[in-house]
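Here is a protein chain to walk through together. Have a look at it first, and then we'll go over it piece by piece.

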Amino acid sequence: MICPVCENPMVVLELDQIEIDHCLHCGGIWLDAGELELLLDTDEDRERLKSFLIEDDSVKEKKYPCPICNKKMKKVFVGEEKKILIDKCKNNHGLWLDKGEFDDVIELSSQNRERKIIHLLKQMFESKLSSKNNGGSK
């Protein structure tokens with residue numbers, strides 16, 4: 001899959017049978033429809049996430065193409081305070097999260113922030129970022 005932001009190839013990371021497409025260049029993450037919900041432990045967390053997604057057509061930030069259908073995605077705020085802005089495919093193919101937004105969305109959506117899966121994901125992304133910042137592969 002090609003990154004919708006920087007147009008570099010993305011790598012696929014698999015965790016508990018969920019494939020996460022990750023851009024090593026810009027740090028963004030693509031989640032296919034329903035994958036973010038699968039990363040949350042409880043039905044309560046999943047419902048909480050759904051109630052937090054607020055579409056906003058007035059946002060002037062550049063709209064990226066969906067890596068599946070190539071249509072421009074919608075801008076969606078996560079949370080009542082509108083502090084996290086992510087991209088959502090108009091055809092519901094999935095969500096694009098810029099670098100750092102994944103952790104913020106998971107923390108906002110999950111009432112149990114110390115879950116094992118969050119810890120594993122943070123380790124995966126932090127180790128990749130550390131190796132890149134220390135002269136690792138680009």
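What follows starts with confidence, then moves to strands, a pocket and one leucine.

This is a predicted model, so local features need a pLDDT of at least 70, side-chain atom pairs count only at pLDDT 80 or more, and totals for chains, interfaces and linings use all residues. Residues are numbered from 1 along each chain as its sequence is written, and side-chain values use heavy atoms, with hydrogens and water left out.

The chain averages 79, and 74% of the residues score at least 70. Helices (H or I, at least four residues) and strands (E, at least two) are DSSP runs, numbered from the N terminus. Of the chain's elements, strand β7 (residues 94-97) has the highest mean pLDDT, 95, while helix α4 (residues 116-133) has the lowest, 56. Over residues 129-138 the pLDDT even falls below 50. Beyond near neighbours in sequence, that stretch has 5 contacts in the model, a contact being heavy atoms within 4.5 Å.

Now for the strands, which pair if DSSP finds at least two bridges between them. Strand β2 (residues 18-22) runs antiparallel to β3, and 2 bridges join them; in one spot, D21 has W30 of β3 as its bridge partner. β2 and β3 form a hairpin with 6 residues between them, and G27 in the turn has a positive phi of about 85°. β3 also pairs with β7, again in the antiparallel sense, over 4 bridges. There, L31 stands opposite L95 in β7.

L95 turns up again in the second largest pocket, as one of the residues nearest its centre, along with A33, G34, E37 and K88. A pocket here is an open set of points on a 1 Å grid over the protein atoms alone, where a 1.4 Å probe fits, with protein on both sides within 12 Å along at least five of seven lines; lining residues have an atom within 4 Å of a point. This pocket has 13 lining residues.

Finally, find L40 in the loop between α1 and α2 (43-52). L40 counts as buried because its relative accessibility is 2%, and buried means under 20% relative accessible area (1.4 Å probe, protein chains only). The C-alpha atoms of L40 and I106 are separated by 7.6 Å, although these residues are 66 apart along the chain.

Technical notes
pLDDT = per-residue confidence, 0-100. Buried < 20%, exposed > 50% of the residue type's maximum accessible area, 1.4 Å probe, protein only.
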